[in-house]
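Here are some notes to go with your first look at this one. Have the sequence and the model open side by side as you read.

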Amino acid sequence: MEKKARVVLGMSGGVDSSVSALLLKEQGYEVIGVFMKNWDDTDEFGHCTAEEDAEDVRRVCAQIGIPYYTVNFEKQYYDKVFAYFLDEYRKGRTPNPDVMCNREIKFGEFLQKAMELGADYLAMGHYARVERRNGIYHLLRGVDAGKDQTYFLHALNQEQLSKAIFPIGHLTKSEVRKIAEEAGLVTAKKKDSTGVCFIGERNFKEFLSGYLPARPGEMRTFDGEVKGRHDGLMYYTLGQRQGLGIGGSGTGEPWFVAGKDLERNILYVVQGDKHPSLYSTGLTATDVNWISGRLPAGEFRCTAKFRYRQPDQGVMVTFQEGGRCTVKFDEPQKAVTPGQSVVFYDGEECLGGAVIDKTVPMVQHDDARLHV
């Protein structure tokens with residue numbers, strides 16, 4: 001009798017990974033559910049949401065009839081994701097910890113652990129697909145365009161994708177919920193978790209201030225007019241409108257964050273969302289990952305996203321030595337943010353991505369110390 005392929009499935013206690021477990025079992029795999037504890041989120045009352053999620057994993061695995069384990073990656077997560085997160089904020093940038101978590105923890109530490117458990121594959125409840133063509137693994141968008149998670153998976157390589165299964169990538173969220181309800185899974189109506197796992201539902205500013213000292217300073221226009229005070233540059237991201245506390249003045253239009261001067265601790269703001277200082281015509285990026293492993297030569301035309309929930313934008317990319325690239329935009333783009341990822345696409349295929357280092361602003365300001 002042929003031995004079943006063994007799949008280790010990362011389970012979060014949510015409906016997506018629950019349905020992933022059910023589908024894999026129905027497809028004849030030997031499935032092992034594993035709950036990853038990446039962060040100690042016990043609050044001041046001793047309440048820990050991870051415990052509730054782990055209990056949901058246990059109940060789903062019991063319903064489906066598969067074994068489950070818990071693994072603790074708190075130290076690895078702190079060293080490889082959280083330390084990076086803090087370091088980027090120290091530099092006045094806005095990092096994307098989900099990208100780093102997928103590369104370093106889920107498809108790094110966890111993949112290694114799965115292989116130690118004798119797994120043939122590692123599965124995740126992400127909305128994405130993998131296809132093998134001509135010996136190359138291709139990362140494709142999830143069928144549900146509103147849930148597609150390839151933006152966060154762009155840093156994976158061929159080795160990681162060769163072991164990856166995304167059981168719900170061909171389904172929409174509503175189809176996933178329907179499968180869960182019809183199977184009577186306890187997580188069928190559980191609401192989706194939002195935000196970064198280590199911040200959860202907490203106030204971001206309050207959370208960050210527990211790790212990095214805040215340096216309040218001046219909030220100015222590019223003409224030098226002081227508009228107010230900021231609480232610390234790390235709390236603000238380019239294009240931000242909320243929480244500036246200077247509404248109503250000038251033309252009455254909303255104010256937006258347009259730049260940071262780290263040396264002088266100044267936050268620059270502009271009025272109106274069409275202000276040219278909010279826009280850039282290109283960017284330079286570092287830490288390029290090209291999923292196929294074969295970088296295109298010369299200029300390369302494709303589409304790109306500069307943040308998760310954004311329609312694709314036409315770009316021209318030029319790759320350079322040392323994992324760098326330059327990207328020219330077909331149309332000026334608003335609030336492209338250093339520290340975030342630029343992710344490249346060709347139709348439904350995610351080609352790879354890089355970390356945004358600097359933008360090419362539409363308007364050049366005199367102050368060379370400005371970080372935008």
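1. Start with a pair in the interior: both Phe-152 and Tyr-308 are buried, where buried means under 20% relative accessible area, exposed over 50% and partly exposed in between (1.4 Å probe, protein chains only). Keep in mind that this is a predicted model, where local features need pLDDT of at least 70, side-chain atom pairs count only at pLDDT 80 or more, and totals for chains, interfaces and linings use all residues. Residues are numbered from 1 along each chain as its sequence is written, and side-chain values use heavy atoms, with hydrogens and water left out.

2. How many aromatic pairs does a search of the whole structure find? The count is 22. Rings of Phe, Tyr and Trp (its six-membered ring) pair if their centres lie within 6.5 Å; planes under 30 degrees apart count as stacked, over 60 as edge-to-face and the rest as tilted. The rings of Trp-39 and Tyr-78 are stacked, because their planes are at 5°, with the centres 6.4 Å apart.

3. Trp-39 lies in the loop between strand 2 (30–37) and helix 2 (49–64) and Tyr-78 in helix 3 (residues 74–90), so this pair ties together parts that are 39 residues apart in sequence. Helices (H or I, at least four residues) and strands (E, at least two) are DSSP runs, numbered from the N terminus. Trp-39 counts as buried, at 11% relative accessibility, while Tyr-78 is partly exposed at 38%.

4. Back to Phe-152 and Tyr-308: their aromatic pair is tilted, 4.6 Å centre to centre with 50° between the planes. Phe-152 is in helix 5 (residues 150–153) and Tyr-308 in the loop between strand 13 (299–305) and strand 14 (313–320), so the pair ties together parts that are 156 residues apart in sequence.

5. You'll find Pro-95 in the loop between helix 3 and helix 4 (97–116), and Pro-95 is buried, with a relative accessible area of 6%. Leaving aside neighbours within four places in sequence, Pro-95 is in contact (heavy atoms within 4.5 Å) with residues including Phe-85, Tyr-89 and Gly-339. The C-alpha atoms of Pro-95 and Ser-341 are separated by 8.3 Å, though these residues are 246 apart along the chain.
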